[in-house]
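Dear colleague,

I am passing on a structure that will be new to you, and my notes on it follow below. Please read them with the model open beside you.

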Amino acid sequence: AAGLAAGVVFTTQPWVEIRDVEGHVVTDGLGSNASVKITSSAGGTLVGTKTVAAINGVVKFTGLSLRGLKGSYIFTYESTTLGFTSVTETVALSYGIADRLVITTEPVGGHATGSAFTTAPVVKVYDAYSNVVEDSTVTIDASLFATDGHGALTGASVNAVAGVADFSGLRLVGTPGFSYELAFDSD
């Protein structure tokens with residue numbers, strides 16, 4: 001299997017050959033049409049048809065995808081029909097398609113209007129499986145909701161770098177004593 005991005009159908013689907021003791025593909029008899037099942041190690045969820053019958057000793061999986069956190073997983077292929085030892089392969093899963101923004105560092109206000117936040121907000125781009133989308137350079141915009149209807153932000157637009165947007169230049173100009181809420185979005 002190759003091209004493993006979380007939740008995305010593999011660009012190259014796994015194939016398994018059923019071979020005899022001499023290494024030849026079994027094209028007739030019991031092995032030529034045996035079913036083979038694929039499973040993933042803990043933490044990964046395989047989606048798609050996981051048990052496929054061989055045709056002339058070759059099993060071709062189609063439409064499989066893997067959901068989980070970025071990292072290494074072990075695929076195990078086995079056939080209970082044949083009763084032989086299973087085979088394994090180690091695969092690397094990368095992040096999937098951008099799905100949401102997450103504030104990973106909450107902002108802490110500064111001491112004076114227009115000053116930098118004591119702790120600047122940090123927003124990350126995640127896929128649906130909680131992986132940071134490391135190639136994302138999307139523009140993320142901060143917006144302001146104020147209880148008094150007044151207030152403005154400077155430095156409210158940041159391009160993510162490796163899926164992370166650091167709003168260290170963000171400044172709030174507002175009325176002391178009023179509550180403000182920040183929101184972050186991207187087109």
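A search of the whole structure, which is a predicted model, finds three aromatic pairs, a pair being two rings of Phe, Tyr or Trp (its six-membered ring) with centres within 6.5 Å, called stacked if the planes are under 30 degrees apart, edge-to-face if over 60 and tilted for the rest. One of them is the stacked pair of F10 and F75, at 6.0 Å centre to centre and with 25° between the planes. This pair links distant parts of the chain, 65 residues apart, since F10 lies in the segment before β1 (15-17) and F75 in strand β7 (residues 71-78); strands here are DSSP runs (E, at least two residues), numbered from the N terminus. Both residues, F10 and F75, are buried, meaning under 20% relative accessible area with a 1.4 Å probe, protein chains only.

The rings of F61 and Y77 form a tilted pair, because their planes stand at 50°, with the centres 6.1 Å apart. F61 sits in the loop between β5 (58-60) and β6 (65-67), and Y77, 16 residues apart from it, in strand β7. F61 is buried at a relative accessible area of 1%, and Y77 counts as buried at 5%.

There is also an open sheet of three strands, ordered β9-β10-β14 with antiparallel pairing, where pairing requires at least two DSSP bridges. Its edge strands, each pairing on one side only, are β9 (98-105) and β14 (164-166). Three bridges join β10 (residues 122-127) to β14, and V123 stands opposite A165 in β14.

Residues are numbered from 1 along each chain as its sequence is written, and side-chain values use heavy atoms, leaving out hydrogens and water. Local features need pLDDT of at least 70 and side-chain atom pairs count only at pLDDT 80 or more, whereas totals for chains, interfaces and linings use all residues.

Definitions and conventions: Helix = DSSP H or I, 4+ residues; strand = E, 2+ residues; numbered from the N terminus. Buried < 20%, exposed > 50% of the residue type's maximum accessible area, 1.4 Å probe, protein only.
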